[in-house]
Amino acid sequence: MSTESAGLQPTDHQRLLKSIALKPQARRVLRHFRSRRSISPMEAIVSYGIFRLAASIHELRKAGYSITTDLRQDAGGHRYARYRLAS
């Protein structure tokens with residue numbers, strides 16, 4: 001089946017093929033993005049047991065997903081990243 005007959009743009013088709021090859025943790029992060037839009041490293045640990053969120057984000061970016069990084073600071077002055085899937 002061609003990408004045009006399936007209603008997908010070639011880039012959508014390529015992204016779909018790459019997302020099939022994603023590691024399980026990256027797939028979990030992608031599902032999280034689709035339902036909640038953003039994630040922090042602490043959320044990844046608590047919700048999914050993912051200790052290396054940045055590695056999953058890197059894998060998603062390599063697969064063609066556009067993900068932004070917001071650097072934040074908590075009340076104690078510790079810096080952390082919050083990742084968001086660009087729409």
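Analyst: Two residues are in contact when they have heavy atoms within 4.5 Å. This is a predicted model in which local features need pLDDT of at least 70 and side-chain atom pairs count only at pLDDT 80 or more, while totals for chains, interfaces and linings use all residues. Residues are numbered from 1 along each chain as its sequence is written, and side-chain values use heavy atoms, with hydrogens and water left out.

User: Which residues does Phe33 touch, not counting residues up to four places away in sequence?

Analyst: With those neighbours set aside, Phe33 touches Ser38, Ile39, Ile57, Leu60, Ile67, Tyr83, Arg84 and Leu85.

User: What makes a set of residues a nonpolar core, and which members of the largest one touch the most other members?

Analyst: The set must consist of buried Ala, Val, Leu, Ile, Met, Phe, Trp, Tyr and Cys residues joined through side-chain atoms within 4.5 Å, where buried means under 20% relative accessible area, exposed means over 50%, and partly exposed lies in between (1.4 Å probe, protein chains only). The largest such core has 17 residues, and Phe33, Leu60, Ile67 and Tyr83 touch the most other members. Two or more residues come from each of helix H2 (24–36), helix H4 (53–62) and strand S3 (79–85), with H2 giving the most, four residues. As background, nonpolar side chains in soluble globular proteins tend to be buried together.

User: How do you know what counts as a helix or a strand, and what pattern does the chain follow?

Analyst: Both are DSSP runs numbered from the N terminus, a helix being H or I over at least four residues and a strand being E over at least two. By that rule there are four helices and three strands in the chain, and along the sequence they follow the pattern α-α-β-α-α-β-β.

User: Why are H2 and H4 called roughly perpendicular?

Analyst: Axes are lines fitted to C-alpha atoms, for helices over the stretch in contact, and angles run from 0 to 180 degrees between N-to-C directions. Angles under 35 degrees count as roughly parallel, over 145 as roughly antiparallel, 65 to 115 as roughly perpendicular and the rest as oblique. H2 and H4 pack at about 80°, with their axes 9 Å apart, and the pair is therefore roughly perpendicular. In this packing Gln25, Ala26, Val29, Leu30 and Phe33 of H2 meet Leu53, Ser56, Ile57, Glu59 and Leu60 of H4.

User: What makes Ser56 buried, and which residues does Ser56 touch?

Analyst: Ser56, which lies in helix H4, has a relative accessible area of 4%, so it counts as buried under the cut-off given above. Apart from residues up to four places away in sequence, Ser56 touches Gln25, Ala26, Val29 and Ile50.

User: Is Ser40 buried or exposed, and where does Ser40 lie?

Analyst: Ser40 lies in the loop between S1 and helix H3 (41–48), and its relative accessibility of 7% makes it buried. Leaving aside neighbours within four places in sequence, Ser40 is in contact with Leu53, Tyr80, Ala81 and Arg82.

User: Why is Tyr80 called partly exposed, and how far apart are Tyr80 and Ser40 in space?

Analyst: Tyr80, found in strand S3, has a relative accessible area of 30%, which places it in the partly exposed class. Tyr80 and Ser40 are 7.6 Å apart, C-alpha to C-alpha, although 40 residues separate them in sequence.

User: How do you know that strands pair, and why do S1 and S2 stand at the edges?

Analyst: Two strands pair if DSSP finds at least two bridges between them. Two bridges join S1 to S3, and S2 and S3 pair over seven bridges, in an open sheet of three strands with the order S1-S3-S2 and antiparallel pairing. Strand S1 (38–39) and strand S2 (67–73) each have a single partner strand, so one side of each is left without a neighbour in the sheet.
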